[in-house]
Amino acid sequence: ILLRFSSRCFHSTANRQFLAGFAHHGAASHHPSPSQPSPQRTAQRNNTGSRTIKSWSNSNGGACRNAISSHYMHRRHLTVATTKCNTAFIRNEQDRQIIRDLFLSFAQTSSPDASEPFLLVDDLRELLLSIGDRPSDETLAKLVEAVDVDRSGTIEYDEFINGCEQIFSGTTSSTSTDADADDSSPLDIDSLVTTFRTLDRDGSGDLSLDELSGLLSTAGSTLSELDVTDIMNAADENDDGVISLDEFIGFMTDPTKVNLSWRIRSSFRVALVMGGPGSGKGTLCERLVKQARVTHFSSGDMLRNEIESGSPLAQSITRTMNEGRLVSSTTIIALLKKQLRRFPGALVALDGFPRNLENYVDFDKVCGRPEFAIKIDVPDETMVERILKRAETSGRADDNEETAKKRLSTYHEQTEPTIKQLELDGVPIYQLDGMKSPDEVWADLVEKCPLIGTRV
C-alpha cells in the first residue's frame with residue numbers, strides 16, 4: 001500500500017535508489033501502476049481508496065512515513081537545484097489580487113517610519129501558517145534574507161510580489177543543492193494525507209473536478225474554475241480525469257507547481273452546526289473532533305474571547321449579548337474570517353453559525369459556500385431546562401431563564417429564513433433529533449452525512 005504512494009516516480013535513478021532502500025523498512029513487494037489504469041484498477045481504487053487512506057493515517061509505520069517524507073524532500077530539493085520554473089507564478093490579475101489581499105491581511109501599517117504596509121518576520125510566519133506551511137526558524141530567516149532586497153528588515157509589497165515564488169514554495173535559492181538544503185522542517189506526509197481526506201468528499205480515494213470546485217481558502221477566496229482546471233491538468237499525470245493520492249503528494253511537493261499547489265494547501269471545508277441554545281451542539285462537536293478529526297470552532301467562544309480582550313468592540317458585544325440580542329453580522333464575519341485563517345486543509349465545524357440569514361449571506365459572499373449544515377431539533381422547554389442546568393457550572397451571564405427565552409425566540413425567528421436559503425443554494429442539511437441520546441444522534445449523523453461517514 002505504501003509503495004503505491006510513490007508509484008508515479010519509478011523511472012528516475014534517484015527514485016529507484018529510494019525504493020530499493022525503502023524495501024528495508026518492511027515493504028515486501030510492489031507492482032508498478034500502468035500509465036493508463038485499466039477499468040478494473042480504477043474500480044478497485046474507488047472501492048478501496050478510503051480504507052487505504054485510513055490505514056495510512058492510522059498505521060504504526062513511522063519508519064515508512066519518514067522514509068517517504070525523506071524521499072519527497074530529496075525530490076523537492078533536487079528539483080529546485082536543477083529546474084527553473086517555466087510558468088509565471090502570477091497567472092492573471094485575479095491571482096495578483098488574491099496575493100495582494102493575503103499580504104494586506106497580515107501586513108503592519110502602524111509604523112510612523114513606514115510609507116507602505118510591510119511584513120515583519122512573525123507576520124510572514126503567520127501568513128505561511130495560514131496557507132498550510134510550517135517553516136522552521138532557519139527556513140524563515142533564509143526567506144527573509146532572500147526576499148528583503150533593500151535590507152530594511154521588513155518585506156514590503158513589491159518585495160513580496162517579486163519573491164512570492166520563493167515564499168510560497170519555501171525555497172530560498174534556485175541554485176541551492178541538497179548538501180546545503182534546510183531539512184529542519186521535514187515534509188509532513190501525514191498533513192498532506194489529512195488535506196487529501198478533507199478534499200475527498202465521497203471517500204473514493206480520488207479527487208474529481210467537482211470535489212475541487214468552489215473550495216474555500218484561507219487566502220479569502222474560493223477556487224475558481226480556472227484554478228480547478230489548471231490544478232487538474234498539472235496533477236493528473238495519467239490523464240484519467242481524477243487525482244489519486246500519490247499524484248496529489250507529487251503535485252503538492254513539486255516546486256515547479258507551487259503557483260497552483262499553494263491554493264490547495266490553503267483550502268478548507270466548512271460545516272455549519274445549527275441548533276438552539278442547549279440543543280447539544282457542543283456535545284456533537286466534541287464527537288466530531290474525537291471521532292471524525294473535524295476542527296471545531298465556536299462562534300460563541302469567539303465572541304466571548306473577544307469580550308475578554310477588553311477592547312471597545314468587546315464592550316459593545318457584551319451589552320448586546322447580555323440583552324439577549326444577536327451581535328451584528330458585520331462583526332461576526334470580520335472576526336470569523338480572521339480566525340478561519342488558522343485552519344488550512346481542515347474540515348471546520350462552525351458551532352452556532354449562522355445565527356441569521358444575514359450571517360449566512362455575508363459568509364457566502366466573503367468566505368464561500370459551506371459544504372453542508374447540521375441542524376439539531378429540540379423542544380423549547382427542554383432547551384430551557386438544559387440551559388438552567390448548565391448555569392450551575394458555566395458562570396455565563398446569559399445562562400438564565402429570562403435571557404434563555406429571549407434567545408430561543410430570536411433563534412426561531414431567524415433560523416427559518418436561513419434554512420430556506422440554504423435549501424435554495426443546494427447546501428445539504430442533515431436534521432437530527434436532539435431528544436435522542438448522544439450516541440443515537442451521532443449514529444444518525446454518520447449514517448446521513450457521507451463526508452463524516454468516510455472519516456469515522
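A residue counts as buried here when its relative accessible area is under 20%, as exposed when that area is over 50%, and as partly exposed in between (1.4 Å probe, protein chains only).

1. **What you are looking at.** This is a predicted model, in which local features need pLDDT of at least 70 and side-chain atom pairs count only at pLDDT 80 or more, while totals for chains, interfaces and linings use all residues. Residues are numbered from 1 along each chain as its sequence is written, and side-chain values use heavy atoms, with hydrogens and water left out.

2. **The overall picture.** The protein has 22 helices and 10 strands; these are DSSP runs numbered from the N terminus, with helices (H or I) of at least four residues and strands (E) of at least two. Of its 456 residues, 50% are buried. Contact means heavy atoms within 4.5 Å. Among contacts with a separation of 6 or more, 73% join residues 24 or more positions apart.

3. Helix H13 spans residues 258-265 and is mostly covered, with 8 of its 8 residues buried. Those buried residues are Val258, Asn259, Leu260, Ser261, Trp262, Arg263, Ile264 and Arg265.

4. **Ser267.** Please look next at Ser267, in strand E6 (residues 267-275). Ser267 counts as buried because its relative accessible area is 0%. A polar atom of the Ser267 side chain lies 2.6 Å from the backbone oxygen of Ile264; a polar contact is a pair of N or O atoms within 3.5 Å, where, within protein, one must be able to donate a hydrogen and the other to accept it, and residues adjacent in sequence count only if both atoms are side-chain atoms. Leaving aside neighbours within four places in sequence, Ser267 touches Leu199, Leu215, Leu216, Ser217, Pro344, Gly345 and Ala346. Leu199 is 68 residues from Ser267 in sequence, yet their C-alpha atoms are 8.6 Å apart.

5. **Ser298.** Another serine worth a visit is Ser298, in strand E7 (residues 295-298). Ser298 is buried because its relative accessibility is 11%. A polar atom of its side chain lies 3.0 Å from the backbone nitrogen of Asp301. Beyond neighbours within four places in sequence, Ser298 is in contact with Arg304 and Asp351.

6. **H4 against H5.** Helix H4 (residues 93-106) packs on helix H5 (residues 121-130) at an angle of about 130°, with axes 9 Å apart. Axes are lines fitted to C-alpha atoms, for helices over the stretch in contact, and angles run from 0 to 180 degrees between N-to-C directions. The two helices are therefore oblique to each other: angles under 35 degrees count as roughly parallel, over 145 as roughly antiparallel, 65 to 115 as roughly perpendicular and the rest as oblique. Leu102, Phe103 and Phe106 of H4 meet Asp123, Glu126, Leu127 and Ser130 of H5.

7. **H14 against H21.** What angle do helix H14 (residues 281-292) and helix H21 (residues 438-448) make as they pack? The angle is about 60°, and their axes are 11 Å apart, so H14 and H21 are oblique to each other. On the H14 side the contact is made by Thr283, Leu284, Arg287, Leu288, Gln291 and Ala292, and on the H21 side by Pro438, Asp439, Val441, Trp442 and Leu445.
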